[in-house]
Amino acid sequence: PGPVQRAVAFCAIARPPEFFAGLKAAGAGVAEQIRFRDHHPYTMADIDRLAEIGRRAGCDAFVTTDKDAVKLEADMRLRLNTIAPLWTASLTVEIADEKAALDDMRKSLIVTAR
C-alpha cells in the first residue's frame, strides 16, 4: 500500500501524543486523532463512531497501535474496513548502548529481589 494521506488514528494508551507524533514523523497524514482512556475496552458503539468520523473525514485508513488492535473483535475490524483499511502501527525500539541497558536491568532486578 502507498503512504497514508488522511488517516483516522486512534488509541487507548498512556501517552497518545507520542503515538500520533510517531505517525506524523513516519510520514503518515493524520486527518483525525481519537483518544480513548488507557486500557479502554472497545465497544461496537466506539467503532461506529470511528467509522462515522472516518467517513466524514474521507479517510484512506484507520491506524491504531498493536496494543489496541488485539482488542478489536472481527466484526469491529470488518465495520472499519467498510470505510477504509485498518492498519496497525508497530513500535520498534533500538537500544543505543546495550551493555548499559543490561546493566541497568540487572541492577533493577537485584533491588526488586531484596
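## Terms and model

Contact, or packing, means heavy atoms within 4.5 Å. Helices (H or I, at least four residues) and strands (E, at least two) are DSSP runs, numbered from the N terminus. Buried means under 20% relative accessible area, exposed over 50%, and partly exposed in between (1.4 Å probe, protein chains only).

This is a predicted model, in which local features need pLDDT of at least 70 and side-chain atom pairs count only at pLDDT 80 or more, while totals for chains, interfaces and linings use all residues. Residues are numbered from 1 along each chain as its sequence is written, and side-chain values use heavy atoms, with hydrogens and water left out.

## Confidence

The predictor's confidence in each residue is called pLDDT and runs from 0 to 100. The protein has a mean pLDDT of 89, and 93% of its residues reach 70 or more. Among the elements, the highest mean pLDDT, 97, belongs to helix 4 (residues 74–81), and the lowest, 77, to helix 5 (residues 98–113). Where pLDDT is low, the predicted coordinates should not be read in detail.

## Helix 1

Which residues of helix 1 are buried? They are Pro16, Phe19, Phe20 and Leu23. These residues cover an arc of only 95° around the axis, which puts them on the same side of helix 1. The arc is that of the directions from the helix axis to the C-beta atoms. On the other side of helix 1, the residues Glu18 and Ala25 are exposed.

Arg15 is found in the loop between strand 1 and helix 1 (16–25). This arginine, Arg15, is exposed, with a relative accessible area of 53%. Just after helix 1, Gly27 has a positive phi of about 95°.

## Ala9 in strand 1

Ala9 is part of strand 1. With a relative accessible area of 0%, Ala9 is buried. Leaving aside neighbours within four places in sequence, the contacts of Ala9 include Phe19, Phe20 and Leu23, which are among the buried residues of helix 1. Val30, Glu32, Gln33, Ile34 and Val63 are also in contact with Ala9. Glu32 is 23 residues away from Ala9 along the chain, and their C-alpha atoms are separated by 6.2 Å.

## Helix 2

At 1.5 Å a residue, the 14 residues of helix 2 should span 20 Å, and the end C-alpha atoms are 20 Å apart, which agrees. The expected span is 1.5 Å times one less than the number of residues. Helix 2 has the buried residues Asp46, Ile47, Leu50, Ala51, Ile53, Gly54 and Ala57. Their arc around the axis is only 160°, which puts them on the same side of helix 2. The face turned away from this buried side carries the exposed residues Ala45 and Arg56.

What do the buried residues of helix 2 pack against? Their partners are strand 1, strand 2 (30–35), strand 3 (61–65) and helix 4. Just after helix 2, Gly58 takes a positive phi of about 65°.

## Nonpolar cores

A nonpolar core is a set of buried Ala, Val, Leu, Ile, Met, Phe, Trp, Tyr and Cys residues joined through side-chain atoms within 4.5 Å. In soluble globular proteins, nonpolar side chains tend to be buried together. The largest nonpolar core here has 17 residues, and those with the most contacts inside it are Phe10, Leu50, Phe62 and Leu80. Strand 1 (7–11), helix 2 (44–57) and helix 4 each give two or more residues to this core. Helix 2 supplies the largest share, four residues.

Not counting residues up to four places away in sequence, Leu80 touches Phe10, Ile47, Leu50, Ala51, Phe62 and Leu86. A second, separate core has 12 residues, including Val4, Ala7, Ala28 and Ala61.

## Aromatic pairs

Rings of Phe, Tyr and Trp (its six-membered ring) pair if their centres lie within 6.5 Å; planes under 30 degrees apart count as stacked, over 60 as edge-to-face and the rest as tilted. The whole structure holds three aromatic pairs. The ring centres of Phe10 and Tyr42 are 5.8 Å apart and their planes are at 85°, so this pair is edge-to-face. Phe10 lies in strand 1 and Tyr42 in the loop between strand 2 and helix 2, so the pair ties together parts that are 32 residues apart in sequence.

Phe36 and Tyr42 also form an edge-to-face pair, with 5.1 Å centre to centre and 80° between the planes. Phe36 counts as buried at 10% relative accessibility, and Tyr42 counts as buried at 7%. Ring pairs link Phe10, Phe36 and Tyr42 into a cluster.
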